[in-house]
2 protein chains.
Amino acid sequence: MKLYEMASAPNPRRVRMFLAEKGLLDKVERIEIDLAKGENLSDDFSSKNPMKKVPVLELDDGSCISETTAICRYFEEQYPDSPSLLGDNANEKAIIEQWTRWIDFYLFTPIGMGFQHTSGYFKDRMNPIKEWGEDSIKAAIKFLDFLEQHLKDNEFIAYGRFTAADINAFCSVDFGKVVKLRVDDSRPHLKAWYEKIQARPSASV
Amino acid sequence: MKLYEMASAPNPRRVRMFLAEKGLLDKVERIEIDLAKGENLSDDFSSKNPMKKVPVLELDDGSCISETTAICRYFEEQYPDSPSLLGDNANEKAIIEQWTRWIDFYLFTPIGMGFQHTSGYFKDRMNPIKEWGEDSIKAAIKFLDFLEQHLKDNEFIAYGRFTAADINAFCSVDFGKVVKLRVDDSRPHLKAWYEKIQARPSASV
């Protein structure tokens with residue numbers, strides 16, 4: 001199997017961390033796609049993912065799966081016990097999915113919007129709207145405050161144990177650096193949780 | 001179980017349609033939350049979903065699940081054979097999730113953004129940015145064109161059969177009405193698929 005990614009991008013990192021935690025990282029050949037050079041815009045890459053985003057998982061039969069959480073779902077279903085990261089029963093699977101969507105919609109996407117609309121990084125490929133970027137960063141800050149409250153009473157995001165929700169939250173919180181949102185003493189519970197996740201070997205792959 | 005919803009809103013509709021297709025609609029007591037009146041902003045509702053959005057599923061033990069796809073996941077896992085709508089194996093589950101995320105990120109959310117940022121509907125609760133709303137509507141149109149191409153060669157969104165991906169696409173395409181995006185003869189394959197889904201009893205619940 002091939003995993004098309006950009007090593008420094010946050011969504012591919014979520015997949016790598018997921019695979020590392022499940023002991024499956026050696027199952028994939030990793031292929032670097034340079035987004036800055038627009039390699040994701042080529043016809044070849046677009047045929048793998050019409051949305052032109054990384055990561056993409058290409059299976060041995062040549063078929064492709066896009067979207068971070070869909071790729072993780074594939075590996076979870078193929079290797080449910082190595083260990084499970086998406087939940088062991090209906091309640092857990094639903095709550096972990098709820099958290100991943102909250103993280104995507106209220107933290108990850110706002111950070112990405114904040115970056116794209118205030119940095120000018122992709123200005124030749126899109127229409128940056130500074131006010132929208134600034135509002136998006138404010139939304140991300142609000143969610144960090146919510147996480148701080150949540151982690152006051154919880155050692156991990158869900159069920160008192162490490163799950164994919166922690167991977168998604170950790171990579172998203174770290175992604176905040178691109179809009180100068182850093183984990184510091186102003187949010188001590190978030191910081192303690194962040195440092196605990198950061199110490200896992202999977203955080204460095 | 002209680003399902004907190006607003007009957008006219010598109011995300012609750014996705015859950016109702018999913019439940020109707022699985023024959024499970026009578027498992028939930030439906031409770032209307034009036035978003036226009038801000039009933040979702042109350043302390044009571046916020047304790048069920050801190051993101052203050054519908055739908056929310058309250059289980060009999062009082063615990064709550066937010067997010068449309070997470071609620072659907074709960075019912076799929078509890079009742080996998082009634083029939084399955086999220087896929088029968090790792091590949092199918094991943095591809096159906098990929099499609100649902102594409103639909104959410106490239107169609108549903110842009111329509112919602114387009115509506116909120118151009119209509120003034122929630123103007124007392126947010127900062128509408130007209131240019132962002134207009135760009136979002138253009139992004140939604142681009143995805144409708146992509147769907148038109150996809151449905152040229154496919155009777156359903158995935159695997160040649162009705163799945164949750166069709167529910168999510170159908171409710172999102174229909175939601176386009178709020179920004180004057182309507183299904184018409186300019187996209188004949190999308191129209192044929194839309195009319196086929198619309199004829200299902202679940203489209204009217």
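This is a predicted model: local features need pLDDT of at least 70, side-chain atom pairs count only at pLDDT 80 or more; totals for chains, interfaces and linings use all residues.
Tutor: Residues are numbered from 1 along each chain as its sequence is written, chains are lettered from A in the order in which they are written, and side-chain values use heavy atoms, with hydrogens and water left out.

Student: Why is E21(A) with R200(A) called a salt bridge?

Tutor: The closest N and O atoms of E21(A) and R200(A) are 2.7 Å apart, and therefore the pair falls within the cut-off. Between domain 1 of chain A and domain 2 of chain A the rule finds four salt bridges; the domains span 2-78 and 90-204, with bounds that come from an automatic or database domain assignment.

Student: Why is the pairing of N11(B) with R14(B) called a polar contact?

Tutor: A polar contact is a pair of N or O atoms within 3.5 Å, where within protein one must be able to donate a hydrogen and the other to accept it, and residues adjacent in sequence count only if both atoms are side-chain atoms. The side chains of N11(B) and R14(B) make such a contact at 2.9 Å, so the distance lies within the cut-off.

Student: What is the area that chain B and chain A bury between them?

Tutor: Buried area is the accessible area (1.4 Å probe) that two parts lose on being put together, summed over both. For chain B and chain A this comes to about 3600 Å², 60% of it on carbon and sulfur atoms. M51(B), R101(B) and W132(B) supply 17% of the area that chain B buries against chain A, more than any other three residues.

Student: How many residues does the contact take from each chain?

Tutor: Contact means heavy atoms within 4.5 Å, and the contact takes 37 residues from chain B and 37 residues from chain A.

Key: A salt bridge is a side-chain nitrogen of Lys or Arg within 4 Å of a carboxyl oxygen of Asp or Glu.
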